[in-house]
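Q: Can you walk me through reading a model like this one? I'd like to take it feature by feature.

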Amino acid sequence: MRDNGSDATTLRARGGPCGLTVRAADLHRLAGLIGHEAKELTREAWRSRGWRADADLALSAPLSPATAAEAETAILHAAGGALGVAADATRLGSSVAMAAWTYEHAERAAEGLWLGVDDAVALRVGLLAPALVTWGATGAATCRFGGDVPGLSQGCAAAGHSLESTLTAHPWLVEHLVHGGSGLVAGLSLWGGPVAPLAWPGGRPPLNTRDASRGLQQLFVDGTPLVRSTGPRGGLGQPTWQADTGGVTGVGALVRSLHTTADKPGGAIDIRRVTTRGPGRATRTAYIVNIPGTDSWLTPPAQWHSRSAPDLGGNLRLVGDQSTVYSRGVVQAMERAGVPRSAPVMLVGHSQGGMTAYRIAADQSRLRATGSRHGQAFNITHVITAGSPLATMTVPDGTRVLSLEASGDIVPDLDGAPNPDRADHLTYSFERDRGDIGTNHGIDGYEGAAAGVDRLAARGAPGAAGFVDSLRLDGFLAADDGTTVATTGWEVSRAVP
């Protein structure tokens, strides 16, 4: 049963076209331009003062002394005014440069302060890890085998629910703990002895969340993707496109379609082909790729023999800003499905699926920037993510991103920072807390938020309306009754020796 418990009547926006982003480098550049213009204006002002001694003006002065005096006065006034403007410009340039310096160092100081606090707290958690593990294991064993003790089972259930509800009600606790991931890992490393840091990349403990994830993912196997079609095949053995009954009327319909894909066995993705009529009734085709989230939580060594591609190790690799067997498999599926490189493509993902979509978009934008000698890139124009931590990952250039985050979902906080505040990345957060980590993170809860984006767009909210209009412009949404949608299904797994 699908729980659309959130109507997402209140969506809080971050980023998008209405956001304000200040880049210190741009401010420094602006200050330099203003300073340069001030110097040029000063030079011209002093040059114009020399016109008072112009030979023609001096020769004509006896003929009309009053007019000559007026001309000299006008020259002095013009030069003086130019010098005044140049002085104002110089002060403005200095103020802009000082503002840039202040912004830059204030942000660094604030980030350094928070990182220091988070690292200090997380370090103590790492140092106390053996005691915490022992305490937790003892409590778990007591709850498991002490069922005959009156009231014990109820007490254990209440304690577990209390811890879970505390985390879902205060997800910032998770964000700060992850933000201090380097301190946590440093504390854990001390229990491994003096040689423990040598096991980390570069032979030193990690300095941030991204480095910590890269170190931890070394315990997991990534591997080679295996991609196979799960739908019917044509006469030549090629995958065939089937009619898709899912809607493409708005963001809500897109997330509902993703939910349908997520209900399939692990590793399943769907590639949807949308055919609409554009301006002048010309037929156009766009493609939507549905990418579900994690389907395996196996840890080493069991993970080494698992065929699951979207697994726990993949999450660590993505937070560490690395490609995964899942992301590479999705690209291979797009290639085998015959998605044209120039056609508009939108990636829609939940949880690790959203992270995978974000990573693919970044990889393809990087491929596009390096030129055809490295292969032709797919035209990833849009990405929609639901409940995905993205802050540590490379930002895809030239791609519009819409992210949905529930207040009680701790998974988007597992990157230790908020999503980037960019004009082309719009994040909507909404209130939804059922007191259960799994329920809060479930994709069904995000359907209501996606429908809320459609309602905001209908009311003309700039961020939502701009994103939805761009989807319609690129042919992802139904433009009239003549729109047709077809789907081909694929499975991405890992090759196991």
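This is a predicted model: local features need pLDDT of at least 70, side-chain atom pairs count only at pLDDT 80 or more; totals for chains, interfaces and linings use all residues.

Q: Now the inside. Which residues touch the most other members of the largest nonpolar core?

A: A nonpolar core is a set of buried nonpolar residues joined through their side chains. The largest here has 34 residues, and Val 251 and Tyr 428 are the ones touching the most other members. Several elements supply at least two residues each, among them helix H9, strands S5 to S9, and helices H14 and H15. H14 gives the most, with six residues.

Q: What does Tyr 428 touch?

A: Leaving out residues up to four places away in sequence, its contacts include Leu 11, Arg 12 and Ala 13, then Leu 402, Ser 403, Leu 404 and Glu 405, and also Val 453, Leu 456, Gly 463 and Ala 464. Apart from that core lies another, of 33 residues, with Ile 291, Ala 361, Ile 380 and Trp 490 among them.

Q: How many aromatic pairs are there?

A: The general idea is that a pair of aromatic rings is described by the distance of the centres and the angle of the planes. The count comes to two aromatic pairs. In one of them, Phe 430 and Tyr 446 have ring centres 5.5 Å apart and planes at 90 degrees, so this is an edge-to-face pair. Phe 430 is in strand S9 and Tyr 446 in helix H14, so the pair ties together parts 16 residues apart in sequence.

Q: Which charged residue sits over the ring of Phe 378?

A: Look for a charged end above a ring face. Arg 341 has its charged end over Phe 378, 4.1 Å from the ring centre. Likewise, Arg 273 lies over the face of Trp 241, 4.6 Å from the ring centre.

Q: And how many residues does helix H11 have?

A: For a helix, compare its reach with the expected span. H11, residues 325-336, has 12 residues and reaches 16 Å from first C-alpha to last, close to the 16 Å expected. Its buried residues include Val 325, Tyr 326, Val 330 and Met 334. Following H11 is Gly 338, with a positive phi near 80 degrees.

Methods
Residues are numbered from 1 along each chain as its sequence is written. Side-chain values use heavy atoms; hydrogens and water are left out. A nonpolar core is a set of buried Ala, Val, Leu, Ile, Met, Phe, Trp, Tyr and Cys residues joined through side-chain atoms within 4.5 Å. Buried means under 20% relative accessible area, exposed over 50%, partly exposed in between (1.4 Å probe, protein chains only). Helices (H or I, at least four residues) and strands (E, at least two) are DSSP runs, numbered from the N terminus. Contact means heavy atoms within 4.5 Å. Rings of Phe, Tyr and Trp (its six-membered ring) pair if their centres lie within 6.5 Å; planes under 30 degrees apart count as stacked, over 60 as edge-to-face and the rest as tilted. A charge sits over a ring if NZ of Lys or CZ of Arg is within 6 Å of the ring centre and within 35 degrees of the ring normal. The expected span of a helix is 1.5 Å times one less than its number of residues.
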